[in-house]
Amino acid sequence: MTSWHDFFIGLFIGLGVAAIVWIIYIFKVRSTRKKGESEVKKYKEMLTSRMEIESEGVEKLKKSNEELKSQNENLRISLQTMSQKPGRKEIERLQVYQKAVDRLTINSPGFGPAWQAALKESEEEFSKTYSGVLPFIRRVIPGKTNAQLMEAEDVTSSEE
């Protein structure tokens with residue numbers, strides 16, 4: 001009987017060790033699963049917050065884009081109305097007359113036909129300022145008239 005008795009003692013010791021190893025394994029699996037679940041939860045929260053931040057940024061960009069489009073349209077309309085103000089045409093005409101007078105005083109002693117030719121040349125030149133780069137330059141940088149150039153020459157010649 002001792003052999004059966006020793007056999008059962010060995011069996012119970014082996015089952016006890018197996019039970020202890022199995023319990024340790026279950027605790028490790030549970031802790032690993034909890035860590036994995038907590039990491040997945042953390043990553044989900046991070047992804048959610050990032051998506052919220054990016055959606056807010058996209059909304060701000062869209063709103064800013066719409067505001068800029070409306071400002072652009074308002075500025076375009078304002079530019080059109082400013083260019084069509086009543087005083088604008090008179091100022092342009094005065095500039096044409098000034099150029100014609102400057103050319104007349106430099107080029108010819110007679111006034112009649114020379115005045116008409118100079119006026120026509122000035123009008124043609126001024127009409128060219130509405131196409132190409134010239135209009136931008138004329139509007140940004142006011143040009144000197146021939147009268148101003150002649151005055152500058154007179155000042156330099158009188159200083160000598």
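Colleague: In what order do the elements of the protein chain run from the N terminus on?

Modeller: This is a predicted model, in which local features need pLDDT of at least 70, side-chain atom pairs count only at pLDDT 80 or more, and totals for chains, interfaces and linings use all residues. Residues are numbered from 1 along each chain as its sequence is written, and side-chain values use heavy atoms, with hydrogens and water left out. Helices (H or I, at least four residues) and strands (E, at least two) are DSSP runs, numbered from the N terminus. The protein chain has 5 helices and 0 strands, and from the N terminus on the order is α-α-α-α-α.

Colleague: What percentage of the residues of the protein chain count as buried?

Modeller: Buried means under 20% relative accessible area, exposed over 50%, and partly exposed in between (1.4 Å probe, protein chains only). Of the 160 residues in the protein chain, the buried share is 9%.

Colleague: Why is the pair of W4 and F7 edge-to-face?

Modeller: Rings of Phe, Tyr and Trp (its six-membered ring) pair if their centres lie within 6.5 Å; planes under 30 degrees apart count as stacked, over 60 as edge-to-face and the rest as tilted. By this rule there are 3 aromatic pairs. W4 and F7 are 3 residues apart in helix α1, and therefore about one helical turn separates them. Their ring centres are 6.1 Å apart and their planes stand at 90°, so the pair is edge-to-face.

Colleague: Which residues form a nonpolar patch on the surface?

Modeller: Patches are made of residues with over 30% relative accessible area and no salt bridge, like charges being joined within 9 Å and nonpolar side chains (Val, Leu, Ile, Met, Phe, Trp, Tyr) within 5 Å; areas come from the Shrake-Rupley method with a 1.4 Å probe, and for residues only the protein chains shown count as cover. W4 is exposed at 55%, whereas F7 is partly exposed at 45% and F8 is partly exposed at 40%. Ring pairs link W4, F7 and F8 into a cluster. The patch has about 670 Å² of accessible area together, and its members are W4, F7, F8, L11, F12 and L15.

Colleague: How many salt bridges does the structure hold?

Modeller: A salt bridge is a side-chain nitrogen of Lys or Arg within 4 Å of a carboxyl oxygen of Asp or Glu. R50 pairs with E54, their closest N and O atoms being 3.0 Å apart, and E73 meets R76 at 2.3 Å, N to O. R50 and E54 lie 4 residues apart in helix α1, while E73 and R76 lie 3 residues apart in helix α1. The number of salt bridges is 2.
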